[in-house]
Amino acid sequence: MSELAVHPAGHHDQGFVKTYLWSTDHKVIAMQYLFTGMLMALIGGFAVYVFRMQLAFPGQSVPLFGRVSAGQYNSLVTMHGTIMIFWVAMPVLLAAFGNYLIPLMLGCDDMVFPKVNRLSYQIFLLSAVVLVASFVVPGGAFGGAWTAYPPLSANAVYNLTRYGATVWVVAVALEFVAFLLGGINFVTTAMNSRAPGMRMFDVPIVVWMIVIASILFMASVGPLLAGAAMLFFDQVLGTGFYDPATGGDPILWQHLFWFFGHPEVYVVLLPAMGIVAEIIPVFSRKKLFGYRTIVYTAVATGVISFFVWAHHQFVAGIDPRMASLFTITTLIISVPIAEMLFVYIATLYGGSITLTTPMLWALSFVAEFLLGGVTGIFLGAAGADIYLHDTYFVLAHFHYTFFPIAIIGAFAGITFWFPKMFGRMMDERLGKIHFWVTIIAFNFIFIPLFMTGAAGDHRRIFDYSGFPDLATPGLQRLRIIATMGLVSLLAVQPVFFFNFIRSMVRGRVAGANPWRANTLEWSAPSPPPHGNFAELPEVYRGPYEYSTEDREEDFWPQHVPDDSPAPAPAATAVGWR
Amino acid sequence: MEVPTGRLAIWWVLASETVVFGGLLGSYIMMRLRHGAWADQAANTNTWAGAFNTLVLLTSSLSAVLAHQAAERADGPKAARLLRYTILGGGVFLMVKAFEWTHEIGEGFTITSGLFWSFYYTAAGLHAAHVVAGMVIMFIVSLTAARNEELHRVENVGIYWHFVDVVWIFLFPLLYIAK
């Protein structure tokens, strides 16, 4: 904040570079993360288009790409996974929304460390450039899958991408550093910079979620950073940390990777859950049901997420007693998550629901994520997992979790806060067309893949013709349906980009609070100027006071003082509140 | 009640650093327990050099604490001088380290000579990188402190330096004493 004291001038007189590229303003940094993430999503989306076309029409030339070689296929699969998790889900959900919302929702003028924030984005951008550059190094981008299991990842003899593999490790490590810096900023800001009057349980759920997610990230990524250093040395110097021939252990990487990798699921899930928690009360005009339950279950999820990682390794030769233990913890973690979804459904119950585009995204998040969660039960149980391991069933399962998180959650957030970000409304008709086609196409991709997976269809196979059991016309038909679903999903995305850009310049002017919502960001002008609030707000109540009895308005913003001492409710009127 | 923002951030930095070293040392301990033969490799580390470095590093923390005390009394120039003693301590530590490594590499024990040596150079190297970073930050802090500015930073960099000490207190027995 001291930065602002030194430079009190508004941003309009600072020139383009200072305003958009070298800014310490949390909103500009949020936009940088958002647009970088969207750009990376295009690259990740193109990668999946190419390899899905290869799977549906093996050996044929893919439009806009050409014939796919086995090596290219491996690189594309690896880069799709890496990009979508680390360069799309993380920057958009955690960094873009975290940066945008935390100071605005807490009622302060910026992050506590604006320069660290800028550095965080710059390191992230560098990591993105390094990763994308790996497409053009000799041998092509890393082809050892996004989980980078050694010996495949450690030895160029196996992955055939000597330079791509090393560039990949460096890019991922840089990206982690960027998010560590960002996370420290988020947590510190939330702890120390809340508006006067805002107590712990007056903080909007999405801020809670982003902060808990940042702490999870900080607590889980360290071992993988150490593991990445070891992998780097294995690749470059020829050490043998993961090489059994020298006494090393390839399973060590799996432990380090999944000790991070499983909490990572919740690192991106919790912000998406938070976004949905903000949207549902606004469009149900009803108080969020069980605020504290959500906070406690999120904390519980975070803690339990550190004890489930080995469910990824049931077939890696781990001790069967350990497998039973991790089966139990994995099944337990579905309880708090289910509880959160029930709480959202309870919020809807009896509300006066408006199906705006953001609300549609939020509702579809609940519905689709539910399918992802339920199929996870099969995979968490060691017995079933041994059959289903590394099949398309697993792939369909985690896409039913990650797609709702990273894509549906992000669209929900973007469509909901767009009026705040750009001061104009998005077009509802285009928004709904985009929504329905995306959701239907998404299910057309992954329901067939559940079926092929259950039939034994193995992942990471470039061409099924060598596998007579899998090269059947029935399975191939399902693969083609999935690819057609994907192509439709990609084909409708220009509608979103068109809507986004047109609404930015030509949309209906939004005003400060178009959704008649309670949280503090809606009390700032749209878009908020440098410094956010004309006068820093004070907080008088929790964030979800909708349809309060004895009030004419059906919302009651956090910053509006009590107009008159409310009449004491009669003792008998205690009921649904 | 509320922890000052800078100090709070340092604690979060240390929390994330703890798991970095925790992951590395945890991996080392798990593997070491399974490979008794590593003791033969470990026998070649110089325990006396390690012990001397422990002494140097812990002593350097003393002047960091005294610098904090001086900063509390708003005596910036004194705090800056004391911080520079700590930097000196870090410098001695690195020189001993350089002497050790030169000797060991000369004997043929490089990072690829066996998994013990891989862990030895990786863990101690990562720690040394933290020592260097601490020295650079402390030098920058000493410049502002000498002008009596931003004195709260003296304490914050001191907290970081103590963490670097604590990591070494784990490394010394694990890499030198356990033979």
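Biologist: How many helices and strands does the secondary structure of chain A come to?
Modeller: Bear in mind that this is a predicted model. For chain A, the secondary structure comes to 16 helices and 0 strands.

Biologist: OK, and how compact is chain A, going by its radius of gyration?
Modeller: The globule rule gives 25 Å for 577 residues. Chain A comes out close to that, so it is as compact as a globular protein of that length. Its C-alpha atoms fill a box of roughly 75 × 55 × 50 Å along the principal axes. The radius of gyration itself is 24 Å.

Biologist: What share of the contacts in chain A with a separation of 6 or more comes from residues 24 or more positions apart?
Modeller: Let's start with burial: of the 577 residues of chain A, 54% count as buried. As for those contacts, the share from residues 24 or more positions apart is 81%.

Biologist: Which residues does A:Val276 touch, not counting residues up to four places away in sequence?
Modeller: Leaving out residues up to four places away in sequence, its partners are A:Tyr344, A:Ala362, A:Phe365, A:Val366, A:Gly409 and A:Ala412.

Biologist: Why is α9(A) called largely enclosed by the rest of the structure?
Modeller: Helix α9 of chain A covers residues 250–284 and reaches 51 Å from its first C-alpha to its last, close to the 51 Å expected. Along the way, α9(A) bends by about 25 degrees at A:Trp258. It's called largely enclosed because of how many of its 35 residues are buried: 31.

Biologist: How many of the residues of α7(A) are buried?
Modeller: Helix α7 of chain A runs over residues 162–192 and reaches 46 Å, close to the 45 Å expected. It is largely enclosed by the rest of the structure, because the buried count among its 31 residues is 23.

Biologist: Is A:Ala148 buried or exposed?
Modeller: A:Ala148 sits in the loop between α5 and α6 of chain A, and its phi is near 55 degrees, a positive value in a residue other than glycine. A residue needs 20 or more C-beta neighbours within 10 Å to count as buried. A:Ala148 has 23 of them inside 10 Å, so it counts as buried.

Biologist: And how many C-beta neighbours inside 10 Å does A:Arg516 have?
Modeller: A:Arg516 is in the segment after α16 of chain A, and its phi is positive, at about 55 degrees, although it is not a glycine. This residue counts as partly exposed, because its number of C-beta neighbours inside 10 Å is 13.

Biologist: What is the omega of the peptide bond from A:Pro150 to A:Pro151?
Modeller: Most peptide bonds are trans. A:Pro151 is found in the loop between α5 and α6 of chain A. The bond from A:Pro150 to A:Pro151 is cis, with omega near 5 degrees.

Biologist: Where is A:Pro527?
Modeller: The peptide bond from A:Ser526 to A:Pro527 is cis too, with omega near -15 degrees. As for its place, A:Pro527 is in the segment after α16 of chain A.

Biologist: On to chain B: what percentage of its residues are buried?
Modeller: The secondary structure of chain B comes to 6 helices and 0 strands. Its C-alpha atoms fill a box of roughly 55 × 35 × 20 Å. Of the 179 residues in chain B, the buried ones make up 38%.

Biologist: Where in α6(B) does the kink lie?
Modeller: Helix α6 of chain B covers residues 152–177 and reaches 37 Å, close to the 38 Å expected. The kink is about 30 degrees and comes shortly before the proline B:Pro173, at B:Leu171.

Biologist: Which element gives the most to the side of chain B that touches chain A?
Modeller: The contact takes 21 residues from chain B and 29 residues from chain A. On the chain B side, the elements giving two or more residues are α1 and α5 of chain B. The one that gives the most, with 14 residues, is α1(B).

Notes:
Residues are numbered from 1 along each chain as its sequence is written. Chains are lettered from A and ligands numbered from 1 in the order in which they are written. This is a predicted model: local features need pLDDT of at least 70, side-chain atom pairs count only at pLDDT 80 or more; totals for chains, interfaces and linings use all residues. Helices (H or I, at least four residues) and strands (E, at least two) are DSSP runs, numbered from the N terminus. The expected span of a helix is 1.5 Å times one less than its number of residues. The bend at a residue is the angle between axes fitted to the seven residues ending there and the seven starting there. A residue is buried if 20 or more other C-beta atoms lie within 10 Å of its own, exposed if 12 or fewer, and partly exposed in between; C-beta atoms are placed from the backbone. Two residues are in contact if their C-beta atoms, placed from the backbone, lie within 7 Å. The radius of gyration is taken over C-alpha atoms; the globule rule is 2.2 Å times the number of residues to the power 0.38.
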